[in-house]
Amino acid sequence: METAFFNGNFIPKNEVKISPDDRGFLFADGIYEVIRWYTGFFYDMEGHMSRLKRSLKEMRISWPESDSFPSVAAGLIERNDLKDKPSLVYLQVTRGTAVRTHAFPVQPVPATVYASARSLSINPGMADRGVRVSVTEDPRWNRCDIKSVSLLPNILSLQQAVESGFSECVFVRNGFITECSHSNIFLAGGNVLYTHPESGYILSGITRKNVIRLAREAGIDVRETPFPANRLNDITEAFITGTSFEITPVTAFDDFIVNRGRPGPLTELLRTKFREELDRMIA
Ligand code: PDD
């Protein structure tokens, strides 16, 4: 029996009852987080906590107990017997339940808080061989920095990519590469690594931040500069980052093959550094 966390209590997941008047259900008026459990610790809980609090603040959603998230996440791992299994914890906080009107409820209502955990390993084939991505116009709003559950443009774009045989789609806005439907992207031109700067056009990925740190520690020149989509043909390698991807090489953008379809040396170096750091944390 799966255990979930719902509005302050751990209960069987199939007993969670969310009102049809919940603003998450009616308007996707909520935020979320996804954090990885590496059989002994959560990956950068501090980073996830500060992004969670930022999303709540930007959305003006009040969850006074947000500092309880680390213990909620640990409670879910324990209660679902996941201590020894690589897992993901999902948290969603909505503006709560109220009669449907677009404006916020006049009388504030408590946020709806739901969290769950499931075992999920990184797909080793995907991470080793790399993935092909499609390139598409970014159809999203300009507050992609908020980890909002309003993901329809991401979902529709990804589905189109998947139906065309790609694993992810990369977005282009005003002629520049921003990020992907559920990951960030890095592009290498020789020894320089480019990734879009933090702005309303990307989600500030926890993995992205740590990869930038690891790359700089390794002496790589990382530039947080928008990369022009019309220069994709010049890149020597690319990879995507995310809680569900770690660092996954990109071997093709539509029909443009990168580095003869193989992961490049900077990507491999960073994957090794990422793994080594995890191994040190596990030890
Ligand atoms: N997605 N950009 C977008 C649009 C994302 O949805 C995600 C993560 C990322 C990478 O962020 P991080 O490194 O913090 O996981 C970038 C999560 C995992 C999801 O929606 O399931």
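Colleague: Why is C169 called buried?

Modeller: Keep in mind that this is a predicted model. C169 has 0% relative accessibility, and buried means under 20%, so C169 counts as buried.

Colleague: And what about C180, buried or exposed?

Modeller: Buried again: the relative accessible area of C180 is 1%, and the cut-off is under 20%.

Colleague: How do you know that C169 is in no disulfide?

Modeller: Look at the sulfurs. A disulfide is a covalent bond between the sulfur atoms of two cysteines. The cysteine sulfur nearest to that of C169 belongs to C180, 7.0 Å away. A disulfide needs the two sulfurs within 2.5 Å, so at 7.0 Å the sulfur of C180 is too far from that of C169 for a bond. The structure as a whole holds 0 disulfides.

Colleague: Okay, on to α2. What makes its span close to the expected one?

Modeller: The helix has 15 residues, and its first and last C-alpha atoms are 21 Å apart.

Colleague: Which residues of α2 are buried?

Modeller: They are M45, G47, H48, M49, R51, L52, S55, L56 and M59. Here's a handy rule for reading such a list: an α-helix has 3.6 residues a turn, so residues three or four places apart point the same way.

Colleague: What do those buried residues pack against?

Modeller: Their partners are β3, α3, β4 and α6.

Colleague: Which residues have the most contacts inside the largest nonpolar core?

Modeller: That core has 26 residues, and the ones with the most contacts inside it are F42, L52, W63, F69, V89, L91 and V93. Two or more residues each come from β3, α2, α3, β4 and β5. Take V89 as an example: beyond its sequence neighbours up to four places away, V89 touches residues including F42, F69, I77 and A117.

Colleague: Now the ligand. Which residues come nearest to it?

Modeller: There are 19 residues around the ligand, and Y32, R51, E179, T207 and T243 come nearest.

Colleague: Why is R208 called buried?

Modeller: R208 sits in helix α6, and its relative accessible area is 1%, so it falls under the 20% cut-off. Leaving out neighbours within four places, the contacts of R208 include N184, F186, E198 and E224.

Colleague: How do you know that T267 is buried?

Modeller: T267, in helix α7, has 0% relative accessibility, so T267 counts as buried. Beyond four places in sequence, T267 touches E237, A238, F239, I247 and P249.

Colleague: Last one: what makes L193 buried?

Modeller: L193 belongs to strand β10, and its relative accessible area of 1% puts it among the buried residues. Past four places in sequence, its contacts include F186, A215, F239 and L270.

Terms used:
Residues numbered from 1 in each chain as written. Predicted model: local features only at pLDDT ≥ 70, side-chain atom pairs only at ≥ 80, totals over all residues. Heavy atoms only, no water. Core = buried A, V, L, I, M, F, W, Y, C linked by side-chain atoms within 4.5 Å. Buried < 20%, exposed > 50% of the residue type's maximum accessible area, 1.4 Å probe, protein only. Helix = DSSP H or I, 4+ residues; strand = E, 2+ residues; numbered from the N terminus. Contact = heavy atoms within 4.5 Å. Expected span 1.5 Å × (residues − 1). Near = heavy atom within 4 Å.
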